Amino acid sequence: MRPNIIQIVADDLGFGDLGFFNGGQTQTPNIDALFATGARFEPAYSASPVCAPARAALLTGRYPHRTGGIDTLEGRGLDRLSVEERTLADALQAGGYRTGLVGKWHNGALDPAYHPNRRGFDSFVGFRGGWMDYYDWRIFRNDEVVESDGRYLTDVWGEEAVRFIAAAGDSPYYLLLTCNAPHYPLQAPAADVERYRSTLGVTTEVATIYAMVEAMDRAIGRVREAVAASGRGDDTIIVFTSDNGPDLSGACARPNRDLRGRKGLAYEGGIRVPFVLNWPARVPEGRDIERLLHFVDVAPTLLAAAGVAPHPQARPFDGQSLLAALGDGAAAAAPRFWQWNRYTPVARCNAAVREGEWKLVFPPIPAAMRVTPEDLRVDEELKYHPERHPDISRGEPPRQVPPPAPPELYRIAADPGEQHDCAAADPERTARLQRMLDDWFAEVDAERRSRSDTTL
């Protein structure tokens, strides 16, 4: 019997937001149970420090640059997963799975060609852009617009996920549950916020984030109950992770395992994420798998678990199946890469490569990380009025990008906080990793520019 697959992706979640990692300061019993009983990959990395590129990699098993999903700006079409790509949902759908997406999409907010129903999902309940108000929401049920009825949006996701599981019946299914918590706007039930604020002595913003994560945990609890009630609990794969690291700016600052950086940066705090895979029929309870996992590995792993081949029109994976790692048989991880900035990618800006225990990082170039106020305004308007399509073929705003700063080198296995730069002490390794990063960027960015639907 083929396993059911539930892939849960939180939004801007950090290690310190979960009770499993913070000594129980936050109330996340259902997520904690997944980590206590599943296979915990350490280290696990997103494909990007921001969400649209990270999601593109999860869906394709390929570096986001190749796919066209390079930034969050839906008003410029930079979130769009190229129509030339085939998704994990496409492959599972062709392999006989019933497929559903509940929650946030953000891999093509505007054009109908990028709608989830046209990217392998039989059903879609959610929003297509980068964020949504948790009370005054406007979402889609497939192509139908659904206006807010006053429910808290995370509760809606839990109800819709349970509905999808019930409707699947005896058919194998793939559910992608993409909760937008704890992403902006910071909104949660007032009683939960006050409880965290008073008991932990944190800012209202941090208390709200913790309350948002608790609400997500309750929704996940409903999903777990539905799986148990179906009688297929042992043969249901549940994956939980975050799309990227947490936003720790300003009053949102909070513990995150002392990792350097935050959302948006290629330092560990921006790309290192909690990741667990539960599969009672196959995975012994509570295992630590000390094997690097990168988001490009997720799609090939889940397809291998399902016994389904990649879609015949899919382009080659950058990742590899880690199914053997569940039995301690996986090969050593290949070098893995990251790069992100606003608009056209800049090779040595906010970029990194990890090979074994070493990581080379080019710091961000501030001029390449800025977004115009007009683009921010357009993207906010699109959350509530997605029918107002801007002209996405307008290129990028004029900018002057100075040369990059020198690269930094960290022995990351021993220095996850990236406090001790070894570049000057090890120039040969630094130069070799820099060449690897340059070669990787040239290859993936050339593929991006070759896309028929790229906007830059």
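This is a predicted model: local features need pLDDT of at least 70, side-chain atom pairs count only at pLDDT 80 or more; totals for chains, interfaces and linings use all residues.
Residues are numbered from 1 along each chain as its sequence is written, and side-chain values use heavy atoms, with hydrogens and water left out. Local features need pLDDT of at least 70, side-chain atom pairs count only at pLDDT 80 or more, and totals for chains, interfaces and linings use all residues.

Me: How do you know that the span of helix α8 agrees with its number of residues?
Reply: Helices are DSSP runs of H or I, at least four residues, and strands are runs of E, at least two, numbered from the N terminus. The expected span is 1.5 Å times one less than the number of residues. For the 27 residues of α8 (204-230) that gives 39 Å. The end C-alpha atoms are 39 Å apart, so the two agree. Just after α8, G231 takes a positive phi of about 80 degrees.

Me: What makes β13 and β16 edge strands?
Reply: Two strands pair if DSSP finds at least two bridges between them. The open sheet runs β13-β14-β15-β16, with antiparallel pairing. β13 (336-339) and β16 (408-411) each pair on one side only.

Me: How do you know that β14 pairs with β15?
Reply: The pairing rule asks for at least two bridges. β14 (351-355) and β15 (358-362) are joined by 5 and run antiparallel. In this pair, A351 stands opposite F362.

Me: Why is the contact of D17 and R254 called a salt bridge?
Reply: The term needs a side-chain nitrogen of Lys or Arg within 4 Å of a carboxyl oxygen of Asp or Glu. D17 and R254 meet at 2.7 Å, N to O, so the contact meets the definition. The two residues are 237 residues apart in the chain. The whole structure holds 48 salt bridges.

Me: Why are E85 and R62 called buried?
Reply: Buried means under 20% relative accessible area, exposed over 50%, and partly exposed in between (1.4 Å probe, protein chains only). E85 has 1%, so it is buried. R62 has 3%, so R62 is buried too. Their side chains meet in a salt bridge at 3.0 Å, N to O.

Me: Are D438 and R348 buried or partly exposed, and why?
Reply: D438 has a relative accessible area of 23%, so it is partly exposed. R348 has 30%, so R348 counts as partly exposed. Their salt bridge is 2.5 Å, N to O. D438 lies in helix α13 (427-450), and R348 in the loop between β13 and β14.
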